Amino acid sequence: MLSLQSGYALRPLLCHTRHFSTSSPFSNALKVAFFGSDEFSIQSLRRLHEASKQSPGLISHIDLIAKHPKATGRDLKTISDVPIVSFAQDNHINVIRAESTSEINDLVANNYTMAIAVSYGKLIPKKFLSAIPYSLNVHPSLLPRYSGASPLQFALLNHDTHTGVTVQTLHPTEFDRGEIVAQTPEIPIAADETLTSLRDRLAVEGAKLLVQVVKDGSYKDPQLSSKYEYSYASKITPQMAEIDWGKSTRDIIRQYNTLGPLHTFKEIKIKKRRKPLVHEWRRVILSDISDAKGIEDKQPGEFELGGDQIIIKTSDGAIAAKYLQLEFEKKEEAMKFWSGLPKKAGDTPYVFTQKQ
């Protein structure tokens with residue numbers, strides 16, 4: 001049966017259920033283990049926390065299950081924690097650290113009635129899921145389209161005109177193979193969309209849909225399947241941030257808006273006294289990239305200085321970069337990069353290229 005509420009088409013999910021009988025007025029209230037990490041997951045936790053305050057008969061308790069803080073930076077002296085922990089602490093939500101399979105399985109003793117995973121980044125073990133009556137996941141795509149680790153990035157890089165959010169159950173052995181409970185309507189993707197702007201919009205919509213599913217209990221009796229075809233969104237690799245100058249300006253701008261700083265390669269041919277000739281291609285990282293005009297008479301990859309920017313020819317126009325960093329050198333403003341190029345690159349063409 002199709003239920004339409006708040007514009008969402010509900011798709012209930014097959015899941016292992018247990019029925020409890022008790023005289024307590026809150027006997028059916030959910031005790032939730034919420035597995036989360038990043039900014040996307042914060043919105044879901046926020047909405048669930050608000051719902052638990054407004055309806056104690058719906059959710060009796062929420063624990064945030066978070067990974068352990070990690071040592072990062074030079075000499076591993078900086079301790080880095082996931083953003084959702086600060087939100088939980090500020091809102092007096094109990095935080096439990098669990099990351100390994102054994103640590104998560106030990107949480108069975110807490111007698112949760114629902115596990116919710118949102119951008120946790122790790123498969124929830126089968127043993128734990130089998131001990132929990134219900135489980136849910138918020139995924140930022142219209143599953144089974146863009147199953148996998150990078151649905152937002154693939155939607156942007158493929159210039160999709162719309163996307164959405166899916167609430168599904170957690171599969172015990174595979175990511176994004178659970179039963180679909182509900183999906184949002186198709187959400188438009190703007191021409192100037194960035195990864196952050198799309199993430200933040202879908203986080204809000206996904207959180208609203210999650211709470212709706214919890215409130216109406218549609219996860220208990222699944223009946224519908226998705227109309228979308230399966231595709232896989234693999235993890236983003238460093239190679240995906242390399243610029244192909246044969247692509248359009250639109251493609252490269254979207255690549256930057258999705259992946260952040262991009263890289264290309266520059267021919268280097270320098271001869272230092274008493275040392276052999278160095279002839280190689282070195283990576284150049286470009287940041288603060290935007291659309292640009294001019295240099296129509298050049299070939300893709302050729303560049304010149306234009307004010308405080310390096311202007312680079314694309315297949316159908318040009319882009320500008322305000323900051324550049326040649327491999328083994330410091331990040332520089334465009335004018336400084338330009339003036340230092342003869343010394344650093346020698347007598348070579350002013351052309352960026354793909355890796356040789």
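Which residues in helix 1 meet helix 6? This is a predicted model, in which local features need pLDDT of at least 70, side-chain atom pairs count only at pLDDT 80 or more, and totals for chains, interfaces and linings use all residues. Residues are numbered from 1 along each chain as its sequence is written, and side-chain values use heavy atoms, with hydrogens and water left out.

Helices here are DSSP runs of H or I with at least four residues, and strands are runs of E with at least two, numbered from the N terminus. Glu39, Phe40, Gln43, Ser44, Arg47, Leu48 and Ala51 are the residues of helix 1 that meet helix 6; contact means heavy atoms within 4.5 Å. On the helix 6 side, the partners include Arg199, Leu202 and Val214.

Helix 1 covers residues 39–54 and helix 6 covers residues 195–216. Their axes come within 8 Å and cross at roughly 35 degrees. Axes are lines fitted to C-alpha atoms, for helices over the stretch in contact, and angles run from 0 to 180 degrees between N-to-C directions.

At the start of helix 1, a side-chain oxygen of Asp38 reaches to within 3.2 Å of the backbone nitrogen of Phe40.

Among the buried residues of helix 1 are Phe40, Leu45 and Ser52. Ser52 counts as buried because its relative accessible area is 15%, and buried means under 20% (1.4 Å probe, protein chains only). Leaving out residues up to four places away in sequence, Ser52 touches Ile59 and Ile62. A polar atom of the Ser52 side chain lies 2.6 Å from the backbone oxygen of His49.

Notes: Buried < 20%, exposed > 50% of the residue type's maximum accessible area, 1.4 Å probe, protein only. Polar contact = N/O pair within 3.5 Å; in protein donor to acceptor, adjacent residues only side chain to side chain.
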